[in-house]
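Subject: The structure we talked about

Hi there,

Here is the structure I promised to send over. Please have a look at it first, and then read on for what I found.

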Amino acid sequence: MKLKFKHQAYQAEAVQAVVDCFKGQLPNDAARHYKIDPGAVAAGRSGSTTYVEAGFKNAEIQLSEPQLLANIQAVQARQNLPQSCALNDYRDRDGKKLTKYHPGAKLNLDIEMETGTGKTYCYIRTIFELNRQYGWSKFIIVVPSIAIREGVYKSLQITAEHFQQDYQKQARFFIYNSKQLHQLESFSSDGGINIMVINVQAFNARGADARRIYEELDDFQTRRPIDVIKANQPIMILDEPQKLEGAKTLESLTEFNPLFILRYSATHNSLHNKVHRLDALDAYNQKLVKKIAVRGITTRGLAGTNAYLYLEGIEVSASKPPVARLEFEIRSASGAIKRDVRKVNKGYNLFENSGELAQYQGFVVSDINANTDTISFTNGVELVAGDACGDVSESALRRMQIREAVKAHFEKERQLFDQGIKVLSLFFIDEVAKYRDYSSADEKGEYARIFEEEYQKECDAHLGQFDSPYLHYLRSIPAEKTHNGYFSIDKKSKRMVDPSVGKKASETDDVDAYDLILKDKEKLLSFKEPTRFIFSHSALREGWDNPNVFVICTLKHSDNTTTRRQEVGRGLRLAVNQFGDRMDDPIRVHDINRLTVVASESYKDFVSALGLVDQIQSRILAPQPAGRA
């Protein structure tokens with residue numbers, strides 16, 4: 001399957017906003033020629049040089065500062081953005097002027113685009129447009145992590161044919177590697193569009209490989225790689241610049257001698273000259289991202305009792321009174337106690353049906369209200385769909401979340417299967433051992449076991465229905481084959497491990513972790529690939545976007561707002577079908593594109609206020625009780 005790309009008006013506006021900042025700039029081919037520093041002969045004879053090769057660098061900006069500022073202000077006025085007072089008027093998120101800030105170049109432009117709206121596509125198209133309009137050809141994309149780096153490289157690959165058709169040329173692109181410095185020669189000598197992708201660790205870390213960019217290297221004719229790069233006066237594009245604002249990183253950016261810097265993010269921490277804004281409200285109103293629904297699970301105690309209860313939801317039929325799907329503890333004939341989900345109606349006595357467990361005395365269903373999604377008992381206790389109470393352990397809470405995620409997945413899959421849209425679900429967990437436990441015989445962790453149990457229950461319920469192509473599809477996938485985990489891999493043991501932290505972080509480890517999901521995105525979208533449920537640590541929190549993620553479940557504690565927003569962002573892109581067509585018909589876009597977030601209470605509260613203004617929260621992100629589609 002090949003992903004298809006359309007010409008979107010909102011993306012064209014983002015591109016034009018940048019291009020118009022340089023209105024009046026004329027291509028100047030003569031100024032672009034220079035002689036590449038050949039360096040000394042590898043043998044090290046002082047003063048001896050290799051042949052001299054012609055290079056092509058970006059021409060200088062011909063416009064004066066007042067002209068540039070006037071252009072920027074005109075672009076800002078067009079979008080009702082705050083007017084820049086000067087090219088170097090840098091402020092923090094609260095609008096306070098930054099006095100000790102080193103932005104890396106004299107001219108910085110901010111482009112704000114909500115997650116899922118095609119930020120990477122936009123800056124690649126901007127590269128082509130700047131080349132066509134002004135002749136600039138050398139670009140460096142700086143990213144904060146290897147995950148994002150691999151995602152950008154994948155985007156460059158899959159959009160190459162699309163841009164070839166539009167611009168009748170292709171860009172040469174590569175990932176900077178300190179052990180493959182010959183690529184810098186080609187970057188400098190090639191007159192076409194050249195794009196280097198580099199992660200910040202490659203020039204701002206303490207490892208030996210990172211230091212090589214600043215060292216005179218024998219295998220590079222005693223030249224410093226950074227000097228060969230900076231001679232091109234590249235245009236720098238910062239992907240997620242809020243993660244690149246450490247003092248050392250900002251100083252390092254100046255080493256590249258950038259002509260100017262473009263900063264693309266949904267959540268800028270510092271403000272420069274903002275020339276385009278497409279925020280969460282705009283993205284929703286223009287139907288550019290999925291609508292979000294929340295299945296929150298609320299835990300609370302019951303005074304004077306430890307009776308465990310969990311109300312999954314209320315079922316309604318046209319001919320019968322509503323019934324509730326209620327989980328409670330049941331004692332079997334052998335005396336064993338287990339938790340089970342039963343359909344209960346008005347008058348149902350939990351004490352009698354639990355095997356006369358004492359904690360359920362007085363729990364007789366007095367009312368089931370489908371309008372408010374509540375169940376009431378004769379002892380005055382009332383639960384809302386999604387409520388769990390009594391003896392709710394961490395394990396029990398996570399099982400509820402996994403169950404709700406599986407249910408949401410099946411509901412969406414049943415709706416979209418005949419339309420040729422594969423549904424993916426994504427789980428975030430806090431440690432690998434909960435998914436992959438190498439101390440057990442089958443190497444399955446707690447969450448893997450719970451998932452397979454809950455998946456099989458839900459699958460069995462569907463398989464009893466009328467035969468259909470969808471049921472044939474379900475029968476073809478065993479429970480153990482439909483989920484997979486994506487984590488860092490320890491190079492010695494070849495086992496999944498928690499991501500390394502600090503000095504132990506390894507570039508190779510990270511790349512190993514992301515290969516399948518980042519390089520085989522199209523494969524995951526195919527029905528032939530059995531993987532439908534993905535478990536991950538922080539690996540997929542950023543840098544990875546698959547348009548067909550319809551369910552996100554967070555099986556961990558987190559109070560970090562940025563982290564949560566990144567996690568939800570993994571599922572905001574509009575879906576595609578098996579032909580690679582984007583499901584963006586304005587009439588049906590939110591009928592198809594609805595992201596379900598299965599969350600604990602605190603997470604639900606955050607998603608309900610996901611950076612949106614008050615008047616739109618209830619329409620977009622109003623929490624939906626568990627059990628509702």
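Helix α1 (residues 9–19) and α3 cross at roughly 45 degrees, and their axes come within 9 Å. Helices here are DSSP runs of H or I with at least four residues, numbered from the N terminus. The axes are lines fitted to C-alpha atoms over the stretch in contact, with angles from 0 to 180 degrees between N-to-C directions. α1 and α3 are therefore oblique to each other, given that under 35 degrees counts as roughly parallel, over 145 as roughly antiparallel, 65 to 115 as roughly perpendicular and the rest as oblique. On the α1 side the contact (heavy atoms within 4.5 Å) is made by Q11, A14, V15, V18 and V19. The α3 side brings Y121, C122, R125, T126, E129, L130, Q133 and Y134.

A word on the source: this is a predicted model, where local features need pLDDT of at least 70 and side-chain atom pairs count only at pLDDT 80 or more, while totals for chains, interfaces and linings use all residues. Residues are numbered from 1 along each chain as its sequence is written, and side-chain values use heavy atoms, leaving out hydrogens and water.

α3 also packs against helix α4 (residues 146–167), at an angle of about 45 degrees and with the axes 10 Å apart. That angle makes α3 oblique to α4 as well. T120, Y121, Y123, I124, R125, F128, E129 and R132 of α3 meet a set in α4 that includes V152, L156, F163 and Y167.

Next, the nonpolar cores, meaning sets of buried Ala, Val, Leu, Ile, Met, Phe, Trp, Tyr and Cys residues joined through side-chain atoms within 4.5 Å. Buried is under 20% relative accessible area, exposed is over 50% and partly exposed lies in between, with a 1.4 Å probe and protein chains only. The largest core has 51 residues, and F22, L130, W136 and F260 have the most contacts inside it. Helix α3 (residues 119–134) gives the most to this core, with eight residues.

Finally, I226 sits in helix α8 (residues 225–230). I226 is buried, with a relative accessible area of 0%. Not counting residues up to four places away in sequence, I226 touches I213, Y214, E255 and F256.

Best wishes

Note on methods: Helices (H or I, at least four residues) and strands (E, at least two) are DSSP runs, numbered from the N terminus.
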